[in-house]
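Q: Please show me how to read a few local features in a model like this one.

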Amino acid sequence: MLQSLGWAALGTGFTFLMTTLGAAMVFFFAGEPRPHFQKALLGFAAGVMTAASVWSLLLPAINRSATLPLPSWLPAAGGMLLGVVFLAALDGLLPRLRRSRGRLDASWRQTTLLMTAITLHNVPEGMAVGLAFALAAGGEGLAGAAALAMGIGIQNFPEGAAVALPLRQGGWSRPRAFAGGMLSGAVEPVFGVLVVLAAAGVEPLMPWLLSFAAGAMLYVVVEELVPQAHSRAGTCGFVLGFLVMMVLDVALG
């Protein structure tokens, strides 16, 4: 058990490191970004999240559902709807919190939704890497586990940037935006280790967890990022982010 936990921590530690490196991109931009560049950043974040929802979450959820006694589309569709409902409920709760605490504003609402969605997306990824390395510790598929961690880690780089850069654009200082981006990936080693401790009961839930995270991310994209990025620059940013994430997912998946 200790060996499995150690290997799971090693694999998810790498993916967390890549998220941290992506978040560090905020230190390479001087001053406040210009309006067109702000829209391009928001569009890039929306493109990354949309592509990740499809290739990192929904398609794997459908594939994993093939072994369950259910139609393969049901966990993907049901989990996605649950993710949308969860984020919509959170979105409805935030204005009440804002009225009770006057310092909270619309940018805080967007920040909360964005970080919640990316963090939820990282939970099943950390669990997948943790399970793969736990099996590798027992002599099964070390190369496959390493490839999975490498693929998810490289995908996490633009995701870390997709959190930190909009936070910077929303008025956060560079260190705070970096910390926000980094913390969005901290759940991966945590859940990577936890899933080893409860491996037998978690595997059937993976399709639902993956699609739940996809629904949460798509809600934030449509509700928050796309309306604010609406411009030629935002469209270009969206296409670039979508292409980057799609290529990474397909090439490394």
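A: Start with a side chain: that of S211 reaches the backbone oxygen of P207 at 2.9 Å. This is a predicted model, where local features need pLDDT of at least 70, side-chain atom pairs count only at pLDDT 80 or more, and totals for chains, interfaces and linings use all residues. Residues are numbered from 1 along each chain as its sequence is written, and side-chain values use heavy atoms, with hydrogens and water left out.

Q: Is S211 buried or exposed?

A: Buried means under 20% relative accessible area, exposed over 50%, partly exposed in between (1.4 Å probe, protein chains only). S211 is buried, at 0%. S211 belongs to helix α9. Helices are DSSP runs (H or I, at least four residues), numbered from the N terminus.

Q: Which residues is S211 in contact with, leaving aside neighbours within four places in sequence?

A: Contact means heavy atoms within 4.5 Å. For S211 the list is L58, A61, P75, A76, G79 and M80.

Q: How exposed is W208?

A: W208 also has its place in α9, which spans residues 206-229. W208 is partly exposed, with a relative accessible area of 31%.

Q: How do I read the sides of a helix?

A: An α-helix has 3.6 residues a turn, so residues three or four places apart point the same way. Take α6, residues 174-184: A177, F178, G180, G181 and S184 are buried. They cover an arc of only 160° around the axis, so they sit on the same side of α6. The arc is taken from the directions from the helix axis to the C-beta atoms. P175 and L183, on the other side of α6, are exposed.

Definitions and conventions
Helix = DSSP H or I, 4+ residues; strand = E, 2+ residues; numbered from the N terminus. Polar contact = N/O pair within 3.5 Å; in protein donor to acceptor, adjacent residues only side chain to side chain.
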